Every structure is written in C-alpha cells, then in structure tokens.
Amino acid sequence: MTSDETPSQQSQSVEQSEVFGPIDAGALREIRDLIMEQEPLAETASLDDPVNPQTLSVELSDGVGAASTARIDIRWSLTGNYAIHYTDDRNQDFRFDCHPKPDAPRRHFHPPPDAPSRPVEESCIAVSETGLVTQAILQRWRYAHAHETFEGINDAENPP
C-alpha cells in the first residue's frame, strides 16, 4: 500500500488481485519472445522484475497517427486472465482485457482515447491461447498503425 492509499483502496486492490489471479511468468516470457519475433516496430520488451515479473512492457518505435512512440503493457495470469494496455506520447490509450468485471463481458475492450474503466465494449478477441491473443493484439495494433487512427480497432471479427 502506498502512503496515499486508504484502507478501502488497499482492500479493493487486494480483491482485484484475487479476481485477476497470480501472474504467469512463463506466459509473459512467451509473449515477449513472440512480439520480438513478429513486430518490427518493437524496440524492447522487458519484464519489470526478472525473478517475479508482474508486467511485460513493450516499447514501440512509432505510435498510431501523430504519436512518435508508444508502449504496450501486458499482464497475464495463471487463470488465463489478461490486461493489455496501449499508451502513447499523445496520451492515447486503449486496453483489451479478459477477466471478471461486474456488468461487463469477461472479454472486454476499453476504447480510446483514455481507456475508461466504464463503459466498456465486448472485445473482438475471442481466442484464449497466449500465442493467439498475442497475434490478435499485434494485428489490431498494426491495423490502427497502418490506418493512422483508432477507429475500428475493436471491429475485427475474431482476430487473428
């Protein structure tokens, strides 16, 4: 708990962690390797902690539209839950998530420009295997990058 968090926020954070599940370090390493093999604009892909990783951060050499740099942060749990968050130097954000969320589909999308907590949309990504979800994310990122817009980023039919 940080000094700014209240006991209620700490409790909420613990509950969210329990719902999400413990992080799957093997999945993060698999995703890291796939992205570095398949995405030419990925400059680096690093784990926040090599021994007990919680997040994989992928630095991209270009962003969508006017953004010149971007990053994708990935969390993946042993229970198959994930949170994949794009952010760039133009303060544009979106997130593809799969985890229990009250009043929302398990697989949901937090739309740009700010990836709000609510409302969310049903995610176009229906696959669940680590490698396929990674390919789907790269496909949707490539779509936005090629079209220089976030418009339609969640409109694909079951990528990849």
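Trainee: Which residue stands opposite Ala 70 in β3?

Mentor: Bear in mind that this is a predicted model, where local features need pLDDT of at least 70, side-chain atom pairs count only at pLDDT 80 or more, and totals for chains, interfaces and linings use all residues. Residues are numbered from 1 along each chain as its sequence is written, and side-chain values use heavy atoms, with hydrogens and water left out. Strands here are DSSP runs of E, at least two residues, numbered from the N terminus, and two of them pair if DSSP finds at least two bridges between them. Strand β2 (residues 56–60) runs antiparallel to β3 with 5 bridges, and the residue opposite Ala 70 is Leu 60.

Trainee: And on β4, what is the bridge partner of Arg 71?

Mentor: Strand β4 (residues 82–88) is antiparallel to β3, joined by 7 bridges. The hairpin of the two has 5 residues between the strands, among them Gly 80 with a positive phi near 85 degrees. Arg 71 has as its bridge partner Thr 87.

Trainee: How many residues of strand β3 are buried?

Mentor: Buried means under 20% relative accessible area, with a 1.4 Å probe and protein chains only. Strand β3 (residues 70–76) is largely enclosed by the rest of the structure, because its buried residues number 5 of the 7.

Trainee: Over in β6, which backbone oxygen does the side chain of His 110 reach?

Mentor: His 110 sits in strand β6 (residues 107–110) and is buried, at a relative accessible area of 0%. Beyond four places in sequence, its contacts (heavy atoms within 4.5 Å) include Phe 94, Asp 97 and Val 120. At 2.7 Å, the side chain of His 110 reaches the backbone oxygen of Pro 116.

Conventions: Helices (H or I, at least four residues) and strands (E, at least two) are DSSP runs, numbered from the N terminus. Buried means under 20% relative accessible area, exposed over 50%, partly exposed in between (1.4 Å probe, protein chains only). A polar contact is a pair of N or O atoms within 3.5 Å; within protein, one must be able to donate a hydrogen and the other to accept it, and residues adjacent in sequence count only if both atoms are side-chain atoms.
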